[in-house]
Amino acid sequence: MKDTIKKNRPVWLSKFLFLLSILGPGLITASADNDAPGIATYSVAGATYGYKLIWVILVITIGEVVILEMAARMGAVTGKGTADLIRERFGVKISTLAMLLLIIANLATTIAQFAGVAAAGELFGISRYISVPIAAVVMTFIVLKAEYKYVERVLLVLCLASLSYVVAVFTVKPDWAAIGQALIRPQIELTGDFLVTMLAVIGTTITPWAIYYLQASVADRGVDMKEYKYTRLDVSFGSAWGNVISAFILIVTAATLYVNGVAVNDAKDAAMALQPLAGEASSILFSVGLLGASLLAVSVLPLATTYAFCEAYGFERGLNRKVKEAPVFYGMLIAIMAISSLVVLIPNAPLFQMMILSQTLNAMLLPVLLILVLKLANSREIMGKYTNSKLTNILAIGITLLIVVVTIALFFEPLLNKIF
Amino acid sequence: MIYLSNLLNQKVWDSFGHVVGHVDDILVSHTDQAMPPIDAILLKKSKGDLRLIKGELIATLWPTIALSVDQRELTNYEPHGHELHLKQRVLDQQIVDTEGKRLVRVNDVVIARKNQQFLVTGVDVGVRGLLRRLGLDTAAKFLAKTFNFKLTSQIIAWEDVASIEHDDPLRLKVSQERLVQMEPVDIAAILDDLDHHTSKALLQGFDDEILADTLEQSSFEVQQAVLAAMDPERAADVLEEMDPDEAADLLAELDDERSEQLLSLMEDEDEIEIRQLLAYPENSAGGIMTTEFAWVPGEFNVEQALNHLRTSEEAKEDEFMYYLYILDNEERLEGVVSLRDLVTAPLEKPLQDWADDDVVHVEPLTHQNETAYLVAKYDLMAIPVIDPETHKMLGIVTVDDALDTVLPTAWKKRIPRFAGK
């Protein structure tokens with residue numbers, strides 16, 4: 001029965017279906033750029049600085065493709081995860097440092113996701129003391145018990161709300177000439193706020209967890225080097241697509257809020273960017289997108305962190321283990337959920353600032369991981385003949401340096417301003 | 001107890017108190033022994049060049065590493081290529097703990113002295129080993145003392161360690177011999193957690209029968225990867241060893257060309273059996289039945305039946321034997337007797353006494369759920385499958401296969417490992 005269906009398929013369809021089956025991890029990873037802190041960051045960047053930061057998105061799109069390609073290639077060649085390779089290559093101390101940074105970054109990002117849930121709820125006057133605990137409990141249950149694929153699909157559909165920015169671009173009629181200008185002539189302001197926002201834009205796009213997650217899923221799928229070219233396509237396409245949406249969010253907010261001098265301090269302000277498109281419904285649209293993005297990330301992030309930790313230290317792991325067999329795995333998973341949701345419940349915690357600062361922190365911690373990944377991807381012993389090309393190395397080192405320089409500039413910003 | 005992490009990068013002294021170099025790695029070769037002796041130390045000299053010296057020259061390892069000879073009398077160790085580098089290949093790597101049946105990461109290697117020899121006795125996989133590597137051992141001991149809890153080391157004896165690297169055939173063989181002491185289902189669970197290059201290499205070294213048993217318990221991804229890597233003749237041999245229903249499931253998932261090729265390479269008897277199974281839909285009794293079951297002709301008595309089970313080649317191949325089916329000349333089911341009843345009955349009792357026109361059974365196209373329902377309702381270990389037209393008995397559906405819908409035995413296959421899968 002199955003055979004006849006297979007045989008009657010036209011060739012192009014088989015090819016297309018094959019392509020779809022391979023496309024996946026890269027697309028999912030890169031779409032996750034536009035999680036709650038991502039939406040917040042691009043909205044604030046657009047509303048505060050107009051088109052000024054759009055060149056950063058262009059630069060980090062290239063950076064993201066290069067870095068995620070390395071991770072995917074390592075996964076395909078070695079069949080192992082990033083945490084595995086770091087531990088096996090660099091030993092306990094370095095791997096503990098990398099793990100510490102990953103946990104801090106992911107905890108901050110998970111907190112930011114719950115902040116996203118709170119912000120989405122508050123748009124409708126739902127207190128965060130109601131929305132966040134419910135979200136935490138429900139998502140913990142889903143991660144532990146539910147059919148993951150089904151949940152993932154529902155959440156992906158909710159995330160489609162961020163597509164409304166793509167449509168909105170054509171209703172708000174942005175100043176394309178100015179956008180072109182901003183792309184060709186990169187600008188930097190030597191102010192703390194600007195540098196923080198710039199790092200947040202970088203940090204929300206290139207994340208440590210995306211590197212770990214992508215490599216693990218490529219390794220898990222058993223992609224070999226013959227099929228690898230499709231994975232590379234998936235990664236490049238996914239990154240480009242994720243960043244096009246990011247750019248559109250920035251453009252729409254710049255064309256609506258920046259032009260009118262509206263600063264974004266909370267979700268209500270950010271949602272106004274969608275008013276030309278959706279009118280009164282803009283709040284609904286914005287909060288649905290925010291909620292979907294937050295919950296999708298919450299369903300993946302704590303789990304990915306826990307897996308990486310247990311892999312690096314050899315603790316038993318996996319949702320098919322019993323709690324007694326894998327106490328560290330379950331303990332950590334639940335602790336991440338609990339801690340990150342509780343932080344958001346601190347009275348008057350500024351949600352939007354938390355979302356953005358978490359991404360700035362992400363960016364600051366990233367260089368250490370990038371250096372380790374670069375070393376691994378250049379090791380002949382690990383990668384055989386699939387070590388990095390020169391171009392990959394130049395681009396990846398360039399991105400790493402950019403982050404380091406901006407981070408240093410941020411810390412010495414008061415000093416620098418005195419000198420210049 | 002001496003730990004490898006305490007030795008690495010330490011100074012090595014000769015008998016006159018000269019520093020001859022620093023420890024870069026330690027080599028052992030007889031990894032199949034319960035406690036392999038240290039064969040050589042890889043020394044890093046001051047200029048960065050490396051030198052292998054014989055393990056027999058070691059006088060002490062702890063607290064200082066001293067040799068029993070003067071530095072001018074140092075003899076080089078001649079490597080034969082099968083040595084295991086403890087730092088490079090064991091420390092920080094994953095190994096299988098065959099006693100605990102799990103995959104763990106090596107935090108340290110334990111060395112002990114016995115009759116003037118230094119032996120590798122085990123690996124430390126516990127938190128304590130981790131703390132020692134991080135230089136927090138004293139702090140941990142202090143905390144343990146102040147708060148009065150016990151710091152336990154988790155050390156696995158070397159004979160229970162199966163290293164899983166796959167680049168040295170000799171050591172691979174040692175690992176395989178240790179792995180096959182475990183149950184196939186445990187092997188499969190561990191292989192599922194391993195990266196696919198390693199699991200492939202390990203599986204291919206097993207003999208056909210163990211490989212078949214392990215594959216039956218593995219996820220489809222592992223099954224497919226292993227079959228794809230083998231030459232077709234071997235793959236066909238392994239499929240013959242698998243339960244026909246499991247082999248049919250696997251073949252159904254492969255692409256047509258490949259499964260056709262493998263089928264044609266199999267022995268005719270197995271090929272026909274599997275082709276029959278492939279013809280039934282996956283969720284029908286025919287799709288999940290096995291064609292191997294124990295049967296005897298109706299004219300036998302208990303003694304003849306027992307003798308038949310003991311001696312016939314065919315009966316030996318039946319892995320699942322809780323019932324003995326009584327068939328007539330046309331392979332039609334006349335009755336069924338449980339092994340318990342058979343064993344406790346008098347030897348001269350004719351099997352006809354158990355004849356029954358109305359044995360609970362299903363047809364090949366009966367839905368899996370209905371089959372499971374009947375098995376559960378009548379408390380059966382297996383239910384016969386009977387062709388509705390010829391009334392021939394085709395096979396049995398065993399309780400575990402029937403309940404697969406409710407409680408999947410191969411449940412690992414359905415749980416995403418890292419969310420993305």
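Chain B has a radius of gyration of 29 Å, whereas a compact globule of 421 residues would have one near 22 Å; the radius is taken over C-alpha atoms, and the globule rule is 2.2 Å times the number of residues to the power 0.38. This is a predicted model, in which local features need pLDDT of at least 70 and side-chain atom pairs count only at pLDDT 80 or more, while totals for chains, interfaces and linings use all residues. Residues are numbered from 1 along each chain as its sequence is written, with chains lettered from A and ligands numbered from 1 in the order in which they are written.

**Chain B overall**
- Along the principal axes, the C-alpha atoms of chain B fill a box of roughly 95 × 55 × 45 Å.
- Of its 421 residues, 38% are buried, meaning that 20 or more other C-beta atoms, placed from the backbone, lie within 10 Å of a residue's own.

**Two helices of chain B**
- Helices α10 (residues 232-241) and α12 (residues 256-265) of chain B pack with axes 8 Å apart at about 75 degrees; helices are DSSP runs of H or I, at least four residues, numbered from the N terminus, and axes are lines fitted to C-alpha atoms over the stretch in contact.
- α10(B) and α12(B) are therefore roughly perpendicular, a label for angles of 65 to 115 degrees.
- Among the residues making this contact are B:L239 of α10(B) and B:L262 of α12(B); contact means C-beta atoms within 7 Å.

**A glycine in chain A**
- A:G203 sits in helix α11 (residues 192-205) of chain A.
- A:G203 is buried, with 29 other C-beta atoms within 10 Å.
- Beyond its neighbours within four places in sequence, A:G203 contacts A:Q359, A:T360, A:N362, A:A363 and A:L366.

Technical notes:
A residue is buried if 20 or more other C-beta atoms lie within 10 Å of its own, exposed if 12 or fewer, and partly exposed in between; C-beta atoms are placed from the backbone. Axes are lines fitted to C-alpha atoms, for helices over the stretch in contact, and angles run from 0 to 180 degrees between N-to-C directions. Angles under 35 degrees count as roughly parallel, over 145 as roughly antiparallel, 65 to 115 as roughly perpendicular and the rest as oblique. Two residues are in contact if their C-beta atoms, placed from the backbone, lie within 7 Å.
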